[in-house]
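Here is a friendly note to read alongside the model. Please keep the structure open and look up each residue as you go.

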Amino acid sequence: MSDWKPSACILCEMMCGVEILPSEDNTIAKVKGNKNHPGSKGYVCNKAGRLAHYQNGKDRILEPLRRKADGSFETVSWDTAIAEISEKLLSIKEIYGGDKILYLTGGQGNHISGVYGSGFRAALGSIYRSSPIAQEKTGEIWVNNQMFRSTSAGAVRSDCENAEVAIYLGKNPWHTHGFHQCRKKLQKLSKDDNHKMVVIDPRRSESADIADMHLAVKNGTDAWMLAALIAILVQEDWVDHPWMAKHTVGYDHIKPLFSNIPIAEYCEQCGIEESQLRLLAQWIHQAESVGVWEDLGVQMNINSTLVSYLHRLLLTITGNFGKKGAQFISLPLVNVTNPVFRGLQRAVPKFSGENFSLPDYRTPVTGARVIGSLIPCNVVSEEILTDHPDRTRAVWINGTNVVHSYAGSRNMEQALRSAELTVLVDVAMTETAMQADYVLPAPTQYEKAEMSMLQFEFPHNIAYLRHPVFDAPETVMEESEIYVRLCEAMGVMPDDVIRAFDLALQSNEQDFLELLEKTLDQQPQLAKIMPLILYRTLGKTLPKGMAAAAGYLPFCLNLALSYPDAVKGAGHQGEGMELGWNLFKALSNSPDGTVITDEPWEASFGRLGDAEQKIHLKVPDLFPEIEALDQGFEPLTNSQFPFVLSSGERRDYTANGVYRDPTWRKKDFDCALRMSPADAEEMGLESGQLVRITTRQGEAETVLEVNDRMRNGHISIPNGGGLINNLNTDQPLEMIGPSTNDLTPVDHRDEIAGTPWHKYVPARVELA
Ligand SMILES: Nc1nc2c(c(=O)[nH]1)N[C@H]1C(S)=C(S)[C@@H](COP(=O)(O)OP(=O)(O)OC[C@H]3O[C@@H](n4cnc5c(=O)[nH]c(N)nc54)[C@H](O)[C@@H]3O)O[C@H]1N2
Ligand SMILES: Nc1nc2c(c(=O)[nH]1)N[C@H]1C(S)=C(S)[C@@H](COP(=O)(O)OP(=O)(O)OC[C@H]3O[C@@H](n4cnc5c(=O)[nH]c(N)nc54)[C@H](O)[C@@H]3O)O[C@H]1N2
Ligand code: SF4
Ligand SMILES: [Mo]
């Protein structure tokens, strides 16, 4: 083997196209950007070159493992694992109900299993699920549902790369990206006189270095800053009345909330000069387009749901929606928060006027809101560790390291151990695997067909169904196959339908599509497991290694049936089912990624859930929180825990937990604690000293780095440290860096969305 093979980087949501040069012994010799990827066009950042640390990670697992009575693992055959697990699941379902089986998923890049896992869940009657999205985006999803009523999959985001004023709110795009070719474009934009870049971050982030304005907000006070900003716009009447009259309802309820806000006082609360904020308000008022990119700095912080609302209010009262450089609603192939197929859909449901209300689903034990069909990650351990009769009894985990990445790592360990059954599907031995009853090894993302579809791009959207680069070891099993086998073992796969599909596929695609349509019409209960049925039938007819693509056919059909113009806009041809089939073929045959939809900017209006295409400015549930701002900010720090710790900052060598081997990092090997020079001096500490960080939850040790980017009183540790090295080798175990969630309490979370306050953890520091 010597040829470069196209695939994707799996380290962040961009999933840039890469080319991989395999070596003789099935390792990655070299990685470079793939110029033919329609989004990244050859761009990669500093992290992609180290992908061999993932593909050949030393903690890779290659055989199914079962926990023994003494707590250690033994290897078992796949037949044994599938038979035992399916039997246990069925018994839990029978005794307690399928809804007591919780499904946890996550990861970057490994999305292909989503549609299969959803079918498997449906077969079990499991309804509760979670993913890391429920510790970052559920607050904004809740707000979006109220304002845009766009409950159909699409994310509401801003087109910051084209905005005249682009505001990064608790977002450090220099390190964390967010749109394709991010660093390259940011550098270009920073020299563009028609573009203003604003960074709102207590820290002078790497993005702040190239910004036109940096607002070093006091930690946790973004709500005061945004309220003051809106108040300036309202009080100066710098809002777009004609636009609002056409596209919104409810400004009369919003105006009184902001008319009397004492702007100078709020500026003091958040530590921003009033003149600076007034200048920003002026920029916003005068700009053709404004975008705001909110991310973890505010989403994992105090008032997070309120902040999501305020930033959208700010943009909407100034007419920044449905045009280039402003807010848009994306059109994904699959709803990533709940990738379940419910049947062929020809029209998207719309809501009418004031009759709108969303179902208020709650979890059985903590009563937490289920948003975007996800339960908050922070309540998972509480939903298990209780004697409540409706507690979770079994946990199914796919490609996410919940012990490491959920708040309260010790709570998670205890919860997984105390569940009656915990199963993990992963490629590596992880902190979570150490607590599971069964660990099922999957091929890496370079050894199977995979799907990159987290991108929320607009006006064109890209999906990338990657082909395998390497052959998988014989002893691992693809997730799609695992879920189909489990469903077969549980007796839910319909043999007659499978035989009929096989037969139709031998004839021609027309017959097959007609049969698929007829089957869904007559047996709608099969919709949810249709991806699994297609895997076993259509999958066999696809090229080697690509069977798992089959489950995406129903989603391609739905996209074509409900948004034909968008799909045709991207160059796909045909009408109705045929258009969907052609989209599926393009997706599964393209080596480099496919543009699935392309639309005019105004298409976002059509995506609004309101039948009259109105945006609803009023979110009454949040009005008391806006009014409460008047009482001022109460810092959560105190004499015992005087610092605000951001637990999980993204740096140039962090990549969640995808790379387990710490030697991948070229810098910051120990995952240093960063502290401002003034704070370090006051405490008599110096760079390189070993320090102990203590919070209400626990403690961790690492080296100190005195860093002049930090605001006084603010300290940070990186995301992804504290993985236990050598979990699957003969070498001694070692933990490198502080483990972020040894320090985060589970009840330290947003009232509405249950999202954690990882960026605002009261902490103290002392010499270790
Ligand atoms: N290099 C790298 N890139 C990544 C990842 C990675 O692990 N490494 N992970 C990916 C993932 S999963 C995600 S979700 C994204 C996250 O991307 P980001 O949200 O951009 O990443 P963070 O560094 O967690 O947080 C951003 C900023 O919030 C600031 N902040 C802290 N407290 C406050 C506050 O009170 N107010 C405000 N306004 N800001 C505050 C921090 O100083 C930090 O600079 O990154 C993705 N990209
Ligand atoms: N304190 C704190 N906690 C945080 C954050 C923070 O900022 N601070 N950030 C949060 C955010 S935004 C995120 S996105 C999460 C990320 O947290 P996780 O979702 O836990 O992400 P990873 O640690 O990357 O774990 C992904 C797992 O998938 C496995 N994997 C890789 N490829 C495959 C595959 O093909 N198949 C299968 N089955 N498994 C595979 C990897 O081995 C790894 O164990 O962390 C969250 N936790
Ligand atoms: S880490 Fe993200 S931005 Fe960097 S190459 Fe990988 S996918 Fe692209
Ligand atoms: Mo994330």
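1. Let us start with a term: a polar contact is a pair of N or O atoms within 3.5 Å; within protein, one atom must be able to donate a hydrogen and the other to accept it, and residues adjacent in sequence count only if both atoms are side-chain atoms. This is a predicted model, where local features need pLDDT of at least 70, side-chain atom pairs count only at pLDDT 80 or more, and totals for chains, interfaces and linings use all residues. Residues are numbered from 1 along each chain as its sequence is written, chains are lettered from A and ligands numbered from 1 in the order in which they are written, and side-chain values use heavy atoms, with hydrogens and water left out.

2. Now to ligand 2 and its polar contacts. An N or O atom in the side chain of Tyr-54 is 2.8 Å from a nitrogen atom of ligand 2. For Ser-647 the backbone takes part, with an N or O atom 2.7 Å from a nitrogen atom of the ligand. His-758 has a polar side-chain atom 3.4 Å from a nitrogen atom of ligand 2. How much of ligand 2 does the protein bury? Taken alone, ligand 2 exposes 920 Å², and the protein buries 97% of that (areas come from the Shrake-Rupley method with a 1.4 Å probe; for residues, only the protein chains shown count as cover).

3. Next, the shell around ligand 2. It is made of 32 residues, and the closest are Ser-405, Asp-426, Glu-479, Ser-647 and Arg-650 (a residue is near a molecule or strand if one of its heavy atoms lies within 4 Å of it). By class, this shell holds eight nonpolar, 18 polar and six charged residues (Ala, Val, Leu, Ile, Met, Phe, Trp, Tyr, Cys and Pro count as nonpolar, Asp, Glu, Lys and Arg as charged, and the others, Gly among them, as polar). Because domain 2 (60-131 + 374-442 + 477-488) and domain 5 (635-767) both give residues to the shell, ligand 2 lies between them (domain bounds come from an automatic or database domain assignment).

4. A nitrogen atom of ligand 1 is 3.2 Å from an N or O atom in the side chain of Lys-47. The side chain of Thr-176 has an N or O atom 2.9 Å from an oxygen atom of ligand 1, and a backbone N or O atom of Arg-650 lies 2.8 Å from an oxygen atom of the ligand. Taken alone, ligand 1 exposes 920 Å², of which the protein buries 97%.

5. Finally, ligand 3. Which residues are around ligand 3? They are Cys-9, Leu-11, Cys-12, Met-15, Cys-16, Val-44, Cys-45, Lys-47, Ala-48 and His-177. This shell divides into eight nonpolar residues, one polar and one charged.
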